Amino acid sequence: VLPPVKGQIVFDDVEFAYEEGHPILQNFQLRLPCNQTTALVGSSGSGKSTIAYLIARLYDVQRGDIYIDSYPLTEVTVKSLRQQMGIVSQDVILLNGTIRENIAYGRPQATEDEIKAAAHAANAHEFISAFPMGYDTPIGERGVKLSGGQKQRLSIARAFLTNPRILILDEATAALDTESEQHIQHALSVLLPGRTCLVIAHRLSTIQNADQIVVLEHGQIVELGNHENL
Ligand code: ATP
Ligand code: MG
């Protein structure tokens, strides 16, 4: 079981391949400093999502190891790892349930006040309240269809509620309308500080605000720095 961590993540000489395929990562080294935001950029297929999946242990590496503080990921339970980790993307809001259930997914015992506070922080309260059924509105296949920006904000609300040490953010590639964009931008500027964040970044503003920028090509880091020196 993983004890509460500070949240540094280190890829130490990692090799990884999917199934029988050729290696996606080889001799891969990367450090995500504690409480800093690392933006991951690179062309499609360069391995960005793969790196995120490995941190969440959706797959295990074939060689080397990934450390969270001093703990190798392979020696802790997946459950205890994910309890300290949040994932923000448009795809994680998939449950057929109510908006409330979706926000409280990682913390079903959360109180109504906590859920609303998280929705406020994510700039989601306003659009939720505009539905006739409010937080009881069913979403997903059998409920209302949410826009990409709305799904992203629910996902951000979920992260505020669970308050994880480590946050993985998979930014939407699709352009959002300006208002959604501003809402999300503001919510993230509150959510990200004080945690270790890995952002698969598509927006220039995220890249500019990151502490560290990693440029990936074919599973290799081709540039590493910050917005001033890249
Ligand atoms: P994008 O910007 O399009 O999301 P990405 O940088 O996230 O791309 P990955 O999804 O990490 O790229 O993919 C890296 C490589 O791994 C690609 O060659 C891809 O085809 C391969 N790959 C990704 N997922 C799988 C999988 N589940 N099984 C086999 N190969 C995969
Ligand atoms: Mg990807």
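Predicted model: local features only at pLDDT ≥ 70, side-chain atom pairs only at ≥ 80, totals over all residues.
Residues are numbered from 1 along each chain as its sequence is written, and chains are lettered from A and ligands numbered from 1 in the order in which they are written. Local features need pLDDT of at least 70, and side-chain atom pairs count only at pLDDT 80 or more, while totals for chains, interfaces and linings use all residues.

**Stop 1: ligand 1.** Select Y18, G21, I24, G42, S44, G45, S46, G47, K48, S49 and T50, the residues around ligand 1 (C-beta atom, placed from the backbone, within 6 Å of it). Two are nonpolar, eight polar and one charged, with Gly counted as polar. Helix α1 (residues 48–55) gives the most to this shell: three residues. Helices are DSSP runs of H or I, at least four residues; strands are runs of E, at least two.

**Stop 2: helix α7.** Select residues 178–191. The buried residues are H183, I184, A187, L188 and L191 (20 or more other C-beta atoms within 10 Å of their own; exposed means 12 or fewer). They sit on the same side of α7, because they cover an arc of only 125° around the axis. Now turn to the opposite face: T178, E179, Q182 and S189 are exposed there.

Stop 3: Zoom in on β1 (residues 9–16) and β4 (residues 63–68), joined by five bridges; strands pair if DSSP finds at least two. Finish on I9, whose bridge partner in β4 is I68.

Technical notes: Expected span 1.5 Å × (residues − 1). Arc of directions from axis to C-beta.
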